[in-house]
Amino acid sequence: MSEHILVTGSAGFVGKHLITGLIESQPDCSIVATDIESAPDWYAEYIGGQVEYRRGDITNESFLRELELTEYDRIYHLAAIVGVSDYV
């Protein structure tokens, strides 16, 4: 069965390895990856295939509505604030 998966905060180290692992273990899955930054270079080999990249901030309500969260079979939430020292 093909799963539709959302990965937030996907541009970092953990996101890269999660997406790579998902593609290897579930070759028929479709992934929507989000991050506040532009897609990193390593995404080039995946975008247009199994991965759709959407740039946006998950704290923005209109962006969340665009994602249509009820449409996913699984959601991996990796998004986090960068530079914690600014908030402590």
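The largest pocket holds about 410 Å³ of space. Here a pocket is an open set of points on a 1 Å grid over the protein atoms alone, where a 1.4 Å probe fits, with protein on both sides within 12 Å along at least five of seven lines; its volume is the space filled by probe spheres set on the points, which are joined across faces, edges and corners. The model is a predicted one, so local features need pLDDT of at least 70 and side-chain atom pairs count only at pLDDT 80 or more, while totals for chains, interfaces and linings use all residues. Residues are numbered from 1 along each chain as its sequence is written, and side-chain values use heavy atoms, with hydrogens and water left out.

Back to the pocket: 17 residues line it, with Ile36, Ala79, Ala80, Ile81 and Val82 nearest its centre. A lining residue has an atom within 4 Å of a point. Sorted by class, the lining comes out as eight nonpolar, six polar and three charged residues. Ala, Val, Leu, Ile, Met, Phe, Trp, Tyr, Cys and Pro go down as nonpolar, Asp, Glu, Lys and Arg as charged, and the others, Gly among them, as polar.

Next comes the sheet. Strand 1 (residues 4-8) and strand 2 (residues 30-35) run parallel and are joined by five bridges; pairing takes at least two bridges found by DSSP. Isoleucine 5 stands opposite isoleucine 31 in strand 2.

There are three salt bridges, each a side-chain nitrogen of Lys or Arg within 4 Å of a carboxyl oxygen of Asp or Glu. In one of them, glutamate 3 meets arginine 74 at 2.2 Å, N to O. Glutamate 3 lies in the segment before strand 1 and arginine 74 in strand 4, so this pair ties together parts 71 residues apart in sequence. Glutamate 3 is buried at 17% relative accessible area, whereas arginine 74 is partly exposed at 25% (buried means under 20%, exposed over 50%, partly exposed in between, with a 1.4 Å probe and protein chains only). Glutamate 52 and arginine 54 also meet, at 2.7 Å.

Key: Helix = DSSP H or I, 4+ residues; strand = E, 2+ residues; numbered from the N terminus.
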